[in-house]
Amino acid sequence: MTDISKSTLHRIYNDETTRIEFDTLSKLCQVLKITPGDILKYVPDENEEN
């Protein structure tokens, strides 16, 4: 339905990725009828200075 590879979906599902393409995110949101906020969470880097 999305033309997203199984390996990409596997990495996303298992939290093994550090980035996601906007196109991939858009396809997932369309198929699942959700918004990015339903599947993404911002977690600040502990080592990052303010």
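The structure is a predicted model, in which local features need pLDDT of at least 70 and side-chain atom pairs count only at pLDDT 80 or more, while totals for chains, interfaces and linings use all residues. Residues are numbered from 1 along each chain as its sequence is written, and side-chain values use heavy atoms, with hydrogens and water left out.

Met1 is placed in the segment before α1, a helix that spans residues 6-13. Helices (H or I, at least four residues) and strands (E, at least two) are DSSP runs, numbered from the N terminus. Met1 counts as exposed because its relative accessible area is 91%; the term exposed stands for over 50%, buried for under 20%, and partly exposed for values in between (1.4 Å probe, protein chains only). Together with Val31 and Leu32, Met1 makes a nonpolar surface patch of about 360 Å². Patches consist of residues with over 30% relative accessible area and no salt bridge, where like charges are joined within 9 Å and nonpolar side chains (Val, Leu, Ile, Met, Phe, Trp, Tyr) within 5 Å. The accessible areas come from the Shrake-Rupley method with a 1.4 Å probe, and for residues only the protein chains shown count as cover.

Gln30 is exposed, because its relative accessible area is 59%. Between Met1 and Glu46, 45 residues apart along the chain, the C-alpha separation is 37 Å. His10, in helix α1, is 22 residues from Leu32 in sequence and 16 Å from Leu32 in space, C-alpha to C-alpha. With a relative accessibility of 45%, His10 is partly exposed.

Asp3 shows a positive phi of about 65° although it is not a glycine; Asp3 lies in the segment before α1 and is exposed at 75% relative accessibility. Asp15, likewise not a glycine, has a positive phi of about 55°. Asp15 is located in the loop between α1 and α2 and is exposed at 67% relative accessibility.

The largest pocket has a volume of about 350 Å³. Its lining comprises Ile12, Asp15, Thr17, Thr18, Arg19, Ile20, Leu28, Leu32, Ile39, Leu40 and Lys41. By class, six of these residues are nonpolar, two polar and three charged. On a 1 Å grid over the protein atoms alone, a pocket is an open set of points where a 1.4 Å probe fits, with protein on both sides within 12 Å along at least five of seven lines, and lining residues have an atom within 4 Å of a point.

Two salt bridges are found in the whole structure, each defined as a side-chain nitrogen of Lys or Arg within 4 Å of a carboxyl oxygen of Asp or Glu. One joins the side chains of Arg19 and Glu21 at 2.5 Å, N to O. Arg19 is exposed at 58%, whereas Glu21 is partly exposed at 42%. Lys27 and Asp23 form a salt bridge at 3.4 Å, N to O. Both lie in helix α2, four residues apart, about one turn of the helix. Lys27 is partly exposed at 25%, and Asp23 is partly exposed at 48%.

Definitions and conventions: Points joined across faces, edges and corners; volume = space filled by probe spheres on them. Nonpolar A, V, L, I, M, F, W, Y, C, P; charged D, E, K, R; others polar.
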